[in-house]
Amino acid sequence: MAQPSHDFALAAPEMVLAAAAMLLLMFGAFRGNQATRVVAWGALAALAIALVLVLQAPAGRAVSFADMFVVDGFAHFAKALVLLAAALGIVMSLGFIRREGMERFEYPVLLLLATLGMLMMVSANDLLALYLGIELQSLALYVVAAFQRDNLRASEAGLKYFVLGAVASGMLLYGCSLIYGFTGTTGFDAIAATLKAQPEPPLGLIVGIVFLTAGLAFKVSAVPFHMWTPDVYEGAPTPVTAFFAIAPKVAALALFCRAMLTPFAAIVADWQQIVVFLAIASMLLGAFAAIGQNNIKRLMAYSSIGHVGYALIGLAAGGAGGIQAILIYLAIYVAMNAGTFACILCMRVRGDMVEGVGDLAGLGRNQPLLALALAIFMFSMAGVPPLAGFFGKFYVFVAAIEAKLYVLAVIGVLASAVGAYYYLRIVKLMYFDEPAEAFERRVGGEMAAVLVVTALFVVVFALFAAPILDGAGTAAQALVAGGKG
Amino acid sequence: MYVAIVFLPLFASMLAGFFGRLLGDRGAQLITCGAVSLAALLSLYAFYDVAILGHTQKVQLFEWIDSGSFEVAWALRIDQLTAVMLVVVCGVSALVHIYSIGYMAEDPHIPRFMSYLSLFTFAMLMLVTADNLVQLFFGWEGVGLASYLLIGFWYERPSANAAAIKAFLVNRIGDFGFALGIFGVFLVFDSVAFDQVFKSAPGMAGRSFEFLGWQVDIMTTLCLLLFVGAMGKSAQVPLHTWLPDAMEGPTPVSALIHAATMVTAGVFLVARFSPMFEYAPNALAVVAVVGAFTAFFAGTIGLAQNDIKRVIAYSTCSQLGYMFFAAGVHAYGAAIFHLFTHAFFKALLFLSAGAVIHAMHHEQDMRIMGGLRHHLKRTYVLFWIGSLALAGLPFFAGYFSKDIILEAAWAVHTGVGNFAFVLGLAAAVLTAFYSWRLIFMTFHGQPGARAPGRAAHPHGHDTHGHGSHGEAHAIHEAPPVMMIPLYILALGAIFAGLAFSDYFVGAGREAFWGEAIKVLPENDSIEAAHHAPLWVKLAPVAAGLIGILAAWYGYIRRPGLPGELAHTHAEAYRFLLNKWYFDEIYEFFLVRPAKWLGRLLWKGGDGRIIDGFGPDGIAASVLDLARRTSLLQTGFVYHYAFAMLIGVAILVTWYFATGHGG
Amino acid sequence: MVLQGLVFYVFAFITVAAGCMVVAARNPVHSVLFLILAFFTSAGLFVLIGAEFLAMILVIVYVGAVAVLFLFVVMMLDINFVELREGFLQYLPIGALIGLILLIELLLVLGGMRLTPELTRQTAAPIAALAAESNTHALGQVLYTRYIYLFQAAGMLLLVAMIGAIVLTLRSREGVRRQAIARQVGRRREEAVELKQVQPGQGV
């Protein structure tokens, strides 16, 4: 019996995170909740080490653990993004958990474990590895969503997320079993080889892909599998929402890309329609439903649904151009959303968090710098050039046009025009309306740092985009080539 | 080194702008002056290295935009043309920076001012070092922005704000043409990099495209569009109206931006695109006619102006006209030569005027001045030097450049050339006349002798007696920090022509310009100019002398004459005083209809149609749709799960219905 | 062979029927009991194909631990399940329609499934024949070699589940007396008992 090769070095970032999570858990268990800050910084250090490991990993595609685990340029890019996003999420929550009585050492540990799950998702090259990565990530996030267990809304959010997540997992597993049944294997590479040998894919396989896509679409909150998003975003503690909005989205979309392109590269035309449907529905719902929202977190939920729609255009386009567009979009999306949520976390009136859109009124007069930052992010999300958000959309639409998906591109442009309305409404509120009660002026060092860094990124992206564009291009090439080879 | 030249000013600007409060006035001045002076020294070396030794090069900075076939790299193009511009921009900018220390000493916003100046310098350097059209446009808009900020620097003054907005708007018209030109170039040549465009330019000569049933020449169209941009920036008729108003800015700004550098960007553009313009003779003819007409037209207005800075501003306008018609008759080298010498003597004149204004406590009306030569001896001498150079009297800088321009215009022997030659000669007379009118009014005679009714006096000096005006204020010479830059410029105004004439337009010009400027052999008007007959060579000098004598006669010998003339020819005088009624014509034909249209669209279009349709139409239905979609979000878990299930069912059914797969 | 087939169908039928009853039973305790029945019959199916290790695990873990835990939870929670079902009928028509469509489609899909020789070759995991090795041994061999990655990942998953359960439920209440074993053990006679010499008939 041949022993499969195990190259543990390939999984070094994952192992660092796992070991760090367990060590910090032990440390916290012995030192109690006053050690939370130390644990949080420890988690950040672990993320940093993992990031270094990811960045200096050798280029080229390599598989390990019986072909279940793959590392390539695409994985590097997505992992770096996930790690950065997770670090941003943890940094942003430091002040909040201290103020709001959430200071328990399990919190950073759970986020670290969720990040581990995300890395595994990005590297998954097998249906089982995919499933376990998703579950690890989701289970940790269910818990943090309900972390304020005495808060009714947070508990409800956690429970809803859990129940619906279980339904989605069920669909995903059902899809996996159908795919396994019709191809006889769970490995992505093996599935690709099987499909290449067949002239036409069996219908059961397509149905399996539909179910698989449904499970993945739930994780990226694409319409119609998005229904949990607004409720969970609104109910969960704000830094948790921020984390939800950035890191898992990146991982899930990266997984989505790999799970479509590597095993099913031969039958693009068949699954493309699902993605097109998801993209159109998400863009439209994200644009229209956000208009009536008065809670800023809920609004951001719809905004993120819309953004996922735009990103999925890239996947629908397929090919290296589309994947590159997705990666660029994600990088920009992370920066914009992290910045926006940092602004939302600064919305405190006399010690209490407020979440109403109306509370932002007159912010331009009360806190001009914060208002300026938020305005930058809103303009960027609306896609106003020369801010980063414009380029994200631009590349996606170009990819769609090059793939001859004209209808998709046109709907995308229209939806972003509608979407601009509610982003700009916030800007208008901040600068032209009578001021509401002023927010607390103290913002905190970490938050200011996050705000400055993300705002700068969004503003100067146009000038210094070349490394990101190139990186995304190489990553996309790696994924597309891996699927063919 | 080139990177340092370009980015030192930016660096200094950011330091002074963001940390102005931290650095204090003195710190901001030191940093910006130091950085720009260093850049100036480096650019002198660059001039020696590139222009004299011929080491042209390109410095790649980084990739900027890469989208499809639209590739834009960020690179510095260092050739002879750039080197000349580097010296002009950095040199004048450094002197103006230093001068500003004295001139703006009492201003409360010194760091902001210095930061803007440095920012402008950076943008201008971006413009002249650009290697492709997009980068050029970036610099182009950057100088426009800095100009807007500096004209409106004293934002408390409504007139300064109005002037800033006017400059901005008029420039938008030009920039629109320029942007269209860039799009057109990209459309035709599939590239925006200069090298590719210039390489393929000969192949496009004579091709045409169809527009509304007309056969239009491609090269002519592109060149004209680019020239529209140049017209806006360089204040050529009819887009000249913003320049005199721009004098609302502080005087150093006028010297740097509105005399020596930014306004010459248009000339630079035409010279830079000489490889394209050479293949568009019709466009060149337009350039020559517009330039010649502006040279004459601005000169006539200069005759009747009473604001010391406005006189010099119209003179700038007129000299820019010279440069353009030089370019229009294929004498690009002469145009750049005049640009080069003009930078020295016009900056000198402006800064000297600044010294006068400084001495007069920010009084700019020449009618109130007079007899200043006793108080401002050194400034008086400097003014003479500047004016002699401007009028093109022999062996001053302007003599060499203006002569060669007029000779080239004569030497092409075309209708356009002759038109330019005649108008240019007339303008030379006018130039000399208003320059010495300025000198005589300011420095000779009695103070305030020509002052109109006291009510027109803006500073409310009513309490001072007629004759005691000057004494009451203790008129004093400017401090050394202002005078030293003036001396340096004066040296340039005297010797720049003599020293470089051979390189720019003489026998060594082909070796000097290298690849930077392209003139088709059959169009070499400068060569032809050297063989012009003697009377053509002497005519400009004679014109200058006539102008000076006329001024002397009118303002020293018989001081009453101009008043009489104005009285007897009141119509003509008012025509000139009101600048040919250009502003009034624009007001009547453009501004008022625009306002009317705006009001119509606002009340009728926006108010009735859009708002009328809006709330009942699109906007309302969007809101309605938004409300409906929100209703879907019931909050019940089983609704959500059900939605997911329906989604899956629809997708699966879709595949069954369309029969995909086996 | 016939007997095997008969047993298979009996077990399979009971499993499906019990599954339906889990959903349909009115009393939640009955639901859990039906679930246990389904587990038992599935274990029987496993035995039938020779996977005795899985069968035993199913009985021990699922029936012995999980299902009994469910039973406790259901009996301890005071939930009116009848009330929860009120919405059920309201959505029954459309729900039934969707379900029916999906069911038909899936049946069609499964009906079209054919096991080609290439497929079966790929499906076979690299383990020795059942006769050559015991079930447990064979499982252990692939679990810790070929599937080490998944095994470890599952371990992390369980760790998260454990942390989550503790985070969401453990409350450290104030004023609760706890057993301090170390203190109890370390206590000496002198601290606990005081001997008094009490004379008879005199009182303390």
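**S221(A), a buried residue in a loop of chain A.** The relative accessible area of S221(A) is 0%, so the residue is buried (under 20% relative accessible area; over 50% is exposed and anything in between partly exposed, with a 1.4 Å probe and protein chains only). Its phi is near 55°, a positive value in a residue other than glycine. S221(A) sits in the loop between α8 and α9 of chain A. Helices are DSSP runs of H or I with at least four residues, strands are E runs of at least two, and both are numbered from the N terminus. The model is predicted, so local features need pLDDT of at least 70 and side-chain atom pairs pLDDT 80 or more, while totals for chains, interfaces and linings use all residues. Residues are numbered from 1 along each chain as its sequence is written, chains are lettered from A and ligands numbered from 1 in the order written, and side-chain values use heavy atoms, without hydrogens or water.

**Two cis peptide bonds in chain A.** The bond from V223(A) to P224(A) is cis, with omega near 5°. P224(A) belongs to the loop between α8 (203-220) and α9 (228-235) of chain A. S221(A) is placed in the loop between α8 and α9 too. The other cis bond joins P385(A) and P386(A), with omega about 5°. P386(A) lies in the loop between α15 (368-382) and α16 of chain A.

**H413(B), an exposed residue with positive phi.** Phi is about 55° here, although H413(B) is not a glycine. The residue occupies the loop between α17 (397-411) and α18 (415-443) of chain B. Its relative accessibility is 52%, so H413(B) counts as exposed.

**The ring pair Y310(A) and F397(A).** Over all chains, the structure holds 57 aromatic pairs. Rings of Phe, Tyr and Trp (its six-membered ring) pair when their centres lie within 6.5 Å; planes under 30 degrees apart are stacked, over 60 edge-to-face, and the rest tilted. For Y310(A) and F397(A), the centres are 6.2 Å apart and the planes stand at 80°, so the pair is edge-to-face. Y310(A) is part of helix α12 (residues 296-317) and F397(A) of helix α16 (residues 388-402), both in chain A, so the pair ties together parts 87 residues apart in sequence. Y310(A) counts as buried at 5% relative accessibility. F397(A) does so at 12%.

**The ring pair F113(B) and F153(B).** The ring centres lie 5.1 Å apart and the planes meet at 70°, so this pair is edge-to-face. F113(B) comes from helix α4 (residues 110-129) of chain B and F153(B) from the loop between α5 (133-151) and α6 (158-189), so the pair ties together parts 40 residues apart in sequence. Both residues are buried.

**An aromatic cluster in chain B, and charges over rings.** One cluster is formed by F47(B), F337(B), F340(B), F344(B), F500(B), Y503(B), F504(B), F512(B) and W513(B). In chain B, the charged end of R172(B) sits over the ring of F168(B), 4.5 Å from its centre. In chain A, R104(A) lies over the face of F147(A), at 5.6 Å from the ring centre. The criterion is NZ of Lys or CZ of Arg within 6 Å of the ring centre and within 35 degrees of the ring normal.

**The largest nonpolar core.** This core has 247 residues. It is a set of buried Ala, Val, Leu, Ile, Met, Phe, Trp, Tyr and Cys residues joined through side-chain atoms within 4.5 Å. L212(A), F264(A), W271(A), L312(A), L315(A) and I323(A) have the most contacts inside it. Helix α13 (residues 319-345) of chain A gives the largest share, 19 residues. Domain 2 (91-125) and domain 3 (129-171) of chain C both contribute, so the core lies between them; these bounds come from an automatic or database assignment. Leaving aside neighbours within four places in sequence, L315(A) is in contact (heavy atoms within 4.5 Å) with F256(A), C257(A), M260(A), W271(A), V275(A), I323(A) and I326(A). A second, separate core of 221 residues includes V89(B), I308(B), A343(B) and A428(B).

**S138(A) in helix α5.** S138(A) belongs to helix α5 (residues 127-145) of chain A. Its relative accessibility is 0%, so S138(A) counts as buried.

**Chain B in outline.** The secondary structure comes to 28 helices and 4 strands. Of the 662 residues in chain B, 58% are buried.
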